[in-house]
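Here's a quick briefing to read alongside the sequence and the model.

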Amino acid sequence: MGYDDVITHMGEFGRYQKRIYLLLCLPAIVCAFHKLAGVFLLARPEFRCLLPHEDAASVRFESLPREQWTRAYPNDSVTGKSDTCLYYNVDYTGDYLSGNQTWTQNGTLQCSSYVYDQSKYLNSAVTEWDMVCSRSLLSATSDSLFMVGVLLGSIVFGQMSDKLGRKPTFFASLVTQLIFGVIAGVAPEYFTYTISRLIVGATTSGVFLVAYVIAMEMVGASYRLFAGVAVQMFFSVGFMLTAGFAYFIHDWRWLQISLTLPGLLFMCYYWIVPESARWLLSKGRNEEAFVIIEKAAKENRVEIPSVIYEQLIEEAAEKKKKDELAATQPSASVFDLLRFPNLRRKTLLIFFDWFVNSGVYYGLSWNTNNLGGNQLVNFVISGAVEIPAYVLLLFTLNRWGRRTILCSTMLVAGVSLLLTIIVPQSMNWLLIACAMIGKMAITSSYGTIYIFTAEQFPTVVRNVGLGASSMVARVGGILAPYLNLLGEIWRPLPLVICGALSFTAGLLSLLLPETLNKPMPETIQDGENFGKRQVRRPSKEEELKVMINGKASS
């Protein structure tokens, strides 16, 4: 009898599990705050050069009417707009700006100071440290390094949770998140801010993933799909709430601190949320695990027979021997997935799917400022469309199949985003609608790829395969901020690139085998054979019939 059978006896999703599960879903909201905060912390409002005749202390963005921009700033041949990173080297008198003075061409000069439009954002890290023009890559690099932190955190905190326990890892990452979240808010310069955000990014993996693991380890098998999807909905709620903070808090430093401090509420979990009983059993700490099981059974109003505890002890001892034996054997690596042709083909396709899903998801989430219209409304809609995307998974994943959902949602995302090419500039609402349909579809796809990948890889290399897939996904997230910079050249360009990637990945995913109601592969050979077309050999009767027909014809 395994621990899953104990959960079945205790109640797969009883009162105890529901209470702890709800508590563990709430940290996902704060993790969403940090992952999406960059949209507002690094917001790039319209800007222009501070002209020589303007006083930096009193000048405003509106001080120079737009009809006079052509006499101050040269035209950008790529965008067709004024290049506000340069200004003409002329004597800026009132007569010159009003057009009453003859134009004397003396070339252009690089800006040394900038004036920012404060109608939408009071300030941001971009405006404070002038991350525009030749320094515009700095803002994308900051967001990119945040995703590097997410990658590092999944490795470091994943190892910690397996060795030290889920609960200590959760609180270590939570405390670290609080400290460096505040440091990012008071950072005196770019380097301190970026390193602090990188560490915060790492802690989002520790807080979210560890809480997710604890929740999933205490839920019965029949409720895991619901539990896995529902926790993502809490992340979507945090997505939308981030806009609420930005609406009321206009200073970027106070916004960063305000998004960090709600994490203090979860410190009380130390006395409420238990360690994972499954992890305790795996480490031989049986008595501690039994206390937790008894408490859960009491709250669920069931009794666990003593014979079950005895069987669990025997199973734990047996598993320990198997682990010790496995430790003496060569460990599985990602190269095992690339050694055989069919398994290699499936692995590379899955890696590409993860890269595209992560890159497109974060690319669209962080691109709301480039869509035009009300940026806060765009941001809220981008988070809101995730809810129906996850609801779709709850009703279809176990009915229509994993591959069907994965391919169709990526194709829908691809088509809707590619359609932005033909949207007229005057119909900005249609551009936003296409982007949001794409966001909804890629969210469903991203939710499917986790389950689909786990069912594709053989048991002996499943964890290795999932870990490698997750690392490839982080690469997509790391590159996404640079993709969004292309929106300055042409607004739909990031959407078109995301659409092309999604459409290509959707078509290629048709080459993967369906996994719904199929036995999961156990060995490398099972994985190689899974989905491979079997060549049917003729039976002896068919061979005999062919021979007789051949002789008759001769």
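Let's begin with a sulfur pair: cysteine 49 and cysteine 111 are joined by a disulfide, with an S to S distance of 1.2 Å. Cysteine 49 sits in strand E1 (residues 47-49) and cysteine 111 in the loop between strand E3 (108-110) and strand E4 (114-116), so this link ties together parts that lie 62 residues apart in sequence. Keep in mind that this is a predicted model.

**Disulfides**

- Searching the whole structure turns up two disulfides.
- Both partners of the pair above, cysteine 49 and cysteine 111, are buried.
- The other link runs from cysteine 85 to cysteine 133, at 1.9 Å from S to S.
- Cysteine 85 and cysteine 133 are both buried.
- Number the bonded cysteines in sequence order and the pairing reads 1-3, 2-4.

**Cysteines without a partner**

- Cysteine 31 takes part in no disulfide, and the nearest cysteine sulfur, belonging to cysteine 25, is 12 Å away.
- Is cysteine 31 buried or exposed? With a relative accessibility of 1%, cysteine 31 counts as buried.
- Cysteine 407 is in no disulfide either; its nearest cysteine sulfur is that of cysteine 498, 19 Å away.
- Cysteine 407 has 3% relative accessibility, so it counts as buried.

**The largest cavity**

- Across the whole structure there are three cavities of 30 Å³ or more.
- The largest cavity comes in at about 140 Å³.
- It is lined by 15 residues, and the ones closest to its centre are Tyr3, Tyr16, Met218, Ala277 and Ile292.
- Which helices each bring at least two residues to this lining? They are helix H1 (3-10), helix H2 (15-25), helix H9 (190-217), helix H12 (277-282) and helix H13 (286-299).
- H13 gives the most to the lining of the largest cavity, namely three residues.
- By residue class, the lining of the largest cavity has eleven nonpolar, one polar and three charged residues.

**The second largest cavity**

- The second largest cavity holds about 50 Å³ of space.
- Its lining is made up of Leu364, Asn367, Thr368, Leu371, Ser382, Ala435, Met436, Lys439 and Leu495.
- Here the top contributor is helix H19 (residues 428-456), with three residues.
- Sorted by class, the lining of the second largest cavity has five nonpolar residues, three polar and one charged.

**The chain as a whole**

- The protein chain has 23 helices and four strands.
- Its C-alpha trace spans about 95 × 85 × 40 Å along the principal axes.
- Out of 554 residues in the protein chain, 51% count as buried.
- Take the contacts between residues at least 6 apart in sequence: 78% of them join residues at least 24 apart.
- The protein chain's accessible surface is about 26,400 Å², with 63% of that belonging to carbon and sulfur atoms.

Definitions and conventions: Residues numbered from 1 in each chain as written. Predicted model: local features only at pLDDT ≥ 70, side-chain atom pairs only at ≥ 80, totals over all residues. Heavy atoms only, no water. 1 Å grid on protein atoms, 1.4 Å probe; cavity = no way out; pocket = protein on both sides within 12 Å on 5 of 7 lines; lining within 4 Å. Points joined across faces, edges and corners; volume = space filled by probe spheres on them. Nonpolar A, V, L, I, M, F, W, Y, C, P; charged D, E, K, R; others polar. Buried < 20%, exposed > 50% of the residue type's maximum accessible area, 1.4 Å probe, protein only. Contact = heavy atoms within 4.5 Å. Areas by Shrake-Rupley, 256 points an atom, 1.4 Å probe, with all protein chains shown as cover. Disulfide = S-S within 2.5 Å.
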